[in-house]
Amino acid sequence: FDETGVYPFDLIDGDCSTEFQVEVEVTLIPEFELGPDLNICEGTSVLLEAEVIDATVTWSDGSIGSNISVFDAGTYWALAENNGCFFSDTTEITSSAVPSLTLSGIESLCPGEEGTVSALSNAPIVWSTGETEAEILVTQPGLFAAVATNDAGCSAQQTIFVIGLGLPRIDPIDDLLKCQEKDFILVEAESSDNVNLEWSDGSSGGTARIRNVGLFFVELDNEC
């Protein structure tokens, strides 16, 4: 019988016959495919699925369900059972190493200057600029990314951010008049970095106390 149904039959004994019927329930074999053998990259996973209806699926790791996530290389199988009918399938998972990748180079850039950033890897490299050399020239600040991909299709990505620096700025200071009866006058300077202002009298910061008449100056330095 290959279909579920009620089947009649006759039981014959000499000249006598008796009609009987039998009810047959046909259970289909719960067939499925895990798919071809796969290669995954270290640190990634693959979802194995046993798509079968009305069956209990048991996996090689002991779990029960229609799918499992695989993180490691190995041989994996699934066994489907439906009303005493069984079907199994097996797949092999291999794993490939992710390429190494390290970025280095300038961390900041002054106006009008240029520098380089470089990538050290054991696989071919492609930069976010489209360049494929290990070292690239940087003329503008910004975020630069490099992707290394090996023959197995496994990739590693790293980024390096180059900060754009501005030239130090000090707003002009007007000449001042100090009265003789005053011990000092306060001079305030506005700049791009008041904390690191250096005055000619040895003081620092955005405010200086001037006690003597004469020529005074203030300086500000940064990486530029």
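In the hairpin formed by strands E7 and E8, 2 residues lie between the strands, and Asn83 adopts a positive phi near 55°. Strands (E, at least two residues) and helices (H or I, at least four) are DSSP runs numbered from the N terminus. The model is predicted, so that local features need pLDDT of at least 70 and side-chain atom pairs count only at pLDDT 80 or more, while totals for chains, interfaces and linings use all residues. Residues are numbered from 1 along each chain as its sequence is written, and side-chain values use heavy atoms, with hydrogens and water left out.

**The open sheet**

Strand E7 (residues 74-82) pairs with E8 in the antiparallel sense over 9 bridges; two strands count as paired if DSSP finds at least two bridges between them. Strand E8 (residues 85-96) also pairs with E3, here in the parallel sense over 4 bridges. These strands belong to an open sheet of 4 strands with the order E3-E8-E7-E5 and mixed pairing. Strand E3 (38-41) and strand E5 (56-59) stand at the edges with a single partner strand each, so one side of each is left without a neighbour in the sheet. Neighbouring strands of this sheet are turned by 30° against each other on average, direction ignored; the angles are taken between N-to-C directions, from 0 to 180 degrees, with axes as lines fitted to C-alpha atoms, for helices over the stretch in contact.

| Residue | Bridge partner in E8 |
|---|---|
| Ile40 | Ser95 |
| Cys41 | Ser96 |
| Leu79 | Ser88 |

**The nonpolar patch**

Phe9, Leu11, Phe20 and Val22 form a nonpolar patch on the surface, with about 340 Å² of accessible area together. Patches are made of residues with over 30% relative accessible area and no salt bridge, with nonpolar side chains (Val, Leu, Ile, Met, Phe, Trp, Tyr) joined within 5 Å and like charges within 9 Å. A salt bridge is a side-chain nitrogen of Lys or Arg within 4 Å of a carboxyl oxygen of Asp or Glu. Areas come from the Shrake-Rupley method with a 1.4 Å probe, and for residues only the protein chains shown count as cover.

Strand E1 (5-13) and E2 each supply at least two residues of this patch. Phe20 lies in strand E2, and Val22 is also placed in strand E2 (residues 16-24). Phe20 counts as partly exposed because its relative accessibility is 37%; Val22, at 31%, also counts as partly exposed. That class lies between buried (under 20%) and exposed (over 50%).

Definitions and conventions: Buried means under 20% relative accessible area, exposed over 50%, partly exposed in between (1.4 Å probe, protein chains only).
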